[in-house]
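Hi,

Here is the structure you were waiting for.

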Amino acid sequence: MDLVQLPPNSLRVGQVLTFSLRDAAGHLLFAAGHPLPDTPQVRDLLARGPWVQAHETREYQRALAHKLDTMMLQGASMSALANATADYKPTRPMPVPQQTAPAHTAIWADLQWHAQQVLRDPRRPEFLMRLTELLDKVLARLTQQPDASLAMLVHDAGQEPLQYSARHALLSLALVEMTTRQLGWGEGRRRTLGLAALTMNLDSGAQQDQHAMRPESLGEAQREQLAGHGDRAAATLLLIGVDDEDWLTAVRLHHDAGPGPLAGRSDGELMARLLRRADVYGARLSPRRSRRPLSAAQAARAVYLDELQQPDEAGAALIKAIGLYPPGSLVRLANGEEGMVLKRGHSANAPMVASLLGRSGTPLTAPVLRDTRLQAQAITASLAPHEIRLRINMDAMLKLYGT
């Protein structure tokens, strides 16, 4: 198969393809006739330059047209014209050495792809080993750059419903890791809860991905289909060799850990309650085809109050850890500007913000850092992603404050 690499950024998201896109090995990525979705993976692919079969390029078509013209002038038969091929040999450009560290978006796109590949098939013999490797990679990134990682995950969660289960697993892991660090948990307990966060929807991920793309709300049949998925996930984990009771309990009860104080619960039940709050919070930030995502403040209210509309200890611990306006969320300031939170502050309601839009709604020439501890720059509203009509370059944003 003769392949040609397209120039970087020669295609755009949303564009309906007139040819198929492939990787360097020739594997099909996107078929002709379909629009390119706006995802971090696609943006990274377009920035690098995807590959196409040579016969689908304009250069090939021009070469073929030239040859057909020449053959017609020479009096070639119709069968010869029909079987003609272009005198065209594509050149395969040498890969450009990577001189700089990968961008935040590329790193998290790879982690999301890794999560999707690992979680899709829990019955593979090496599943637990691959799951542990995924956990180690995510935790290393969260440890190195917690605010940048949270910003990427929160921003990405609100963009689209594609690959919902993998995105949600990573965000839930980040949320429980930051919450349990805030609570002073040791590494062993944090890792157990992290594994539970990654596997709480085991065996139902494909269903959840499909439901996220439905244009209408779930019906009774779909809700019944998803009911009890914690029990099924725990049963699968037990079947493949997991014998950690806390891990199994957290997964089994992550939808059934009821409200009330955290004290007096077993470790597994305590993990299940914390996981439940992270699960709810992440789901509120994420869109479905049938509904838009909520703002960070709306998601916070959903976990700060429990099922009985009383203050919730686990939810309060989560909000204390990530802030009322976590990195990656969008806000409006007292001066009328709108922007994105970059870093958590010393208090839950006073993070560092980069203003993107002026009070008139016009994009600023360049993002401007604002200190929300100042009255004139204080946060006055939390915004949902669809309330800011601006495509945000996350890599550029996260360089502003060394996030």
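**Confidence first**

In residues 86-100, pLDDT stays under 50, and the model has 20 contacts there beyond four places in sequence. Bear in mind that this is a predicted model. Across the protein, the mean pLDDT is 84. Of its residues, 83% reach 70 or more.

**The sheet**

The part I looked at is an open sheet of 5 strands. Its order is E8-E7-E6-E5-E9, and the pairing is antiparallel. Strands E8 and E9 (379-383) are the edges, each pairing on one side only. From one strand to the next, the twist averages 35 degrees.

**Strand by strand**

- E5 (residues 330-333) and E6 run antiparallel, joined by 3 bridges. Leu330 has Met340 in E6 as its bridge partner.
- E6 (residues 338-343) is joined to E7 by 5 bridges, again antiparallel. Met340 also turns up here: its bridge partner in E7 is Ala354.
- E7 and E8 (residues 363-371) are antiparallel too, with 5 bridges between them. Met352 has Asp371 in E8 as its bridge partner.

Best wishes

Terms used:
Residues are numbered from 1 along each chain as its sequence is written. This is a predicted model: local features need pLDDT of at least 70, side-chain atom pairs count only at pLDDT 80 or more; totals for chains, interfaces and linings use all residues. Side-chain values use heavy atoms; hydrogens and water are left out. pLDDT is the predictor's confidence in each residue, from 0 to 100. Contact means heavy atoms within 4.5 Å. Two strands pair if DSSP finds at least two bridges between them. Helices (H or I, at least four residues) and strands (E, at least two) are DSSP runs, numbered from the N terminus. Axes are lines fitted to C-alpha atoms, for helices over the stretch in contact, and angles run from 0 to 180 degrees between N-to-C directions.
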